[in-house]
Amino acid sequence: MSAIPTQQKALLLESKHGKFSVGTIEVPKPGPDSVLVKVEATALNPLDWKIQAYGLFVEHFPTVLGFDAAGPVVAVGENVTDVAVGDRVIAQGWFNPVEGTAHGTFQEYYDTPARFVAKVPETISYDEAATIPSCLGTAAFALYNKVSDENFSSSKLLAPWVEGGRGHYAGKPILVLAGASSVGQFVIQLARLSGFSPIITTASLHNAPFLKSLGATHVIDRKLPAEQIKAEAIKLGGGLFEYVFDAVSVAETLELGYALTAPKGDLMVVLSGAELKAAHPDTDKRIHNAQALFVMPVNHDIAASLLAAVPRLFANGDLKPNRPEVLPGGLNGIVGGMERLKKDQVSGVKLVVRPPETA
Ligand SMILES: NC(=O)c1ccc[n+]([C@@H]2O[C@H](COP(=O)([O-])OP(=O)(O)OC[C@H]3O[C@@H](n4cnc5c(N)ncnc54)[C@H](OP(=O)(O)O)[C@@H]3O)[C@@H](O)[C@H]2O)c1
């Protein structure tokens, strides 16, 4: 393995609402409980452009965004015992809204607490592995986290990777709005492992064969009028749904998902459900806001459990990563990729860049 340099390239967000540019920063040294990952691949998420466009969460600039990384561990802190140099891992970028800081993966070397990385098998490429952390976390935590706080909750289901969890919900219908989104693809697969059936999803129909390969039993054309989607879903599911996961949570899907959730049922959303709750103050439907970040205390236990299961789940094919589309130019490819995400021009694939390819 080559020596670790002292300087590296990173994609910097220069200021709130500011420009992105590739610059040079120091390579961090891992703290006692951290590891340094050489970022062979990092994936783009809608949150990257939203933080820049809406001025969300971050107050200290320049900063590095990016919420997903994969690569080999190249250094470990003195207290780290269960991860070693050379391990192939996934890691998650994060932000701290209280401190206004971001800790992102759009750089060549990423320093992260060892407890929040997971090893990935050789059969998964780094491009594929980079698609996993944040979107698998979003899906899994909203379905299975047993812990909640004032901001985040879940359906508190039994996870399929723990004892007795596999197939536990056999025969129960679930509705997944936006199954082709990166989050939706993981929801469908987890629902399959949990035994849900039928698994009914909405997507553009060109994604139907792919979503069926992941476990969807029925794909409804998401471009149909809402009333038609509603009627079709009720017919296929045999009534309103005890479990609905809205994996995109735009205005149209939020109301649709709410209408299709049975009384006392669970509706999981990936953005704030505050407006939906305000519009239906007396509802007996449980609306859960997902929260993907492993570092959030509410997610610590489930993150540990999920990350420990990741090597097995991906080695035996229980879960498949998203299909990566690798953008050219390394870190220079990210700005164009974010524009495509913003314009809703990405369908059924995950945009990925390889920082070592940065010119
Ligand atoms: N709360 C959290 O912690 C957390 C974490 C991660 C992501 N998120 C949020 O979750 C959302 C999804 O993220 P992502 O990365 O999964 O997005 P993504 O992969 O970029 O989503 C794109 C997909 O959404 C589908 N879609 C768009 N509008 C739809 C509609 N009205 N009905 C059905 N499908 C629709 C499209 O499907 P077709 O191509 O089939 O048309 C497209 O493939 C974003 O808003 C993101 O910010 C939240």
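**Helix pairs, a ligand and some loops**

Okay, let's start with a crossing: H3 and H4 cross in a right-handed way. Right-handed here means that the near helix is turned clockwise from the far one by less than a right angle, and left-handed means anticlockwise. The H and E names come from DSSP runs, numbered from the N terminus: helices are H or I runs of at least four residues, and strands are E runs of at least two.

Quick housekeeping. This is a predicted model, where local features need pLDDT of at least 70 and side-chain atom pairs count only at pLDDT 80 or more, while totals for chains, interfaces and linings use all residues. Residues are numbered from 1 along each chain as its sequence is written, and side-chain values use heavy atoms, with hydrogens and water left out.

Back to our pair. Two packed helices are described by the angle between their axes and the distance between the axes. For H3 and H4 (residues 182-194), the axes cross at roughly 50 degrees and come within 8 Å. An axis is a line fitted to C-alpha atoms, for helices over the stretch in contact, and the angle between N-to-C directions runs from 0 to 180 degrees. That is why H3 and H4 count as oblique to each other. The cut-offs go like this: under 35 degrees is roughly parallel, over 145 roughly antiparallel, 65 to 115 roughly perpendicular, and the rest oblique.

Who does the touching? On the H3 side, Cys135, Leu136, Thr138, Ala139, Ala140, Leu143 and Tyr144 make the contact, and on the H4 side Ser182, Val183, Phe186, Val187, Leu190, Ala191 and Ser194 do. Contact means heavy atoms within 4.5 Å. By class, that gives eleven nonpolar, three polar and no charged residues. Nonpolar is Ala, Val, Leu, Ile, Met, Phe, Trp, Tyr, Cys and Pro; charged is Asp, Glu, Lys and Arg; the others, Gly among them, are polar.

H3 (residues 133-144) also packs on H9 (residues 300-315), at about 120 degrees with axes 11 Å apart. That makes this pair oblique, and the H3 and H9 crossing is right-handed. Here Leu136, Gly137, Ala140, Phe141 and Tyr144 of H3 meet Ile302, Ala303, Leu306, Val310 and Phe314 of H9. The tally is nine nonpolar, one polar and no charged.

Next pair: H6 (residues 226-237) and H7 (residues 251-260) pack at about 35 degrees, axes 11 Å apart. Ala226, Ile229, Lys230, Ala233 and Ile234 of H6 meet Leu256, Ala259 and Leu260 of H7. That contact has seven nonpolar, no polar and one charged residues.

Now the ligand. Which residues come nearest to it? Of the 28 around it, those are Ser182, Ser204, Arg222, Val270 and Ser347; "near" means a heavy atom within 4 Å. There are polar contacts too (pairs of N or O atoms within 3.5 Å). A side-chain N or O atom of Lys50 is 2.9 Å from a ligand oxygen. Ala290 puts a backbone N or O atom 3.1 Å from a ligand nitrogen, and Ala292 has one 2.9 Å from a ligand oxygen.

Last, the loops. The Phe61 to Pro62 peptide bond is cis, omega near -5 degrees, and Pro62 sits in the loop between H1 (46-54) and E5 (63-64). Phe57 is in the loop between H1 and E5, with a positive phi near 65 degrees although Phe57 isn't a glycine. The bond from Ser197 to Pro198 is cis, omega near -5 degrees, with Pro198 in the loop between H4 and E13 (199-203).

Key. Polar contact = N/O pair within 3.5 Å; in protein donor to acceptor, adjacent residues only side chain to side chain.
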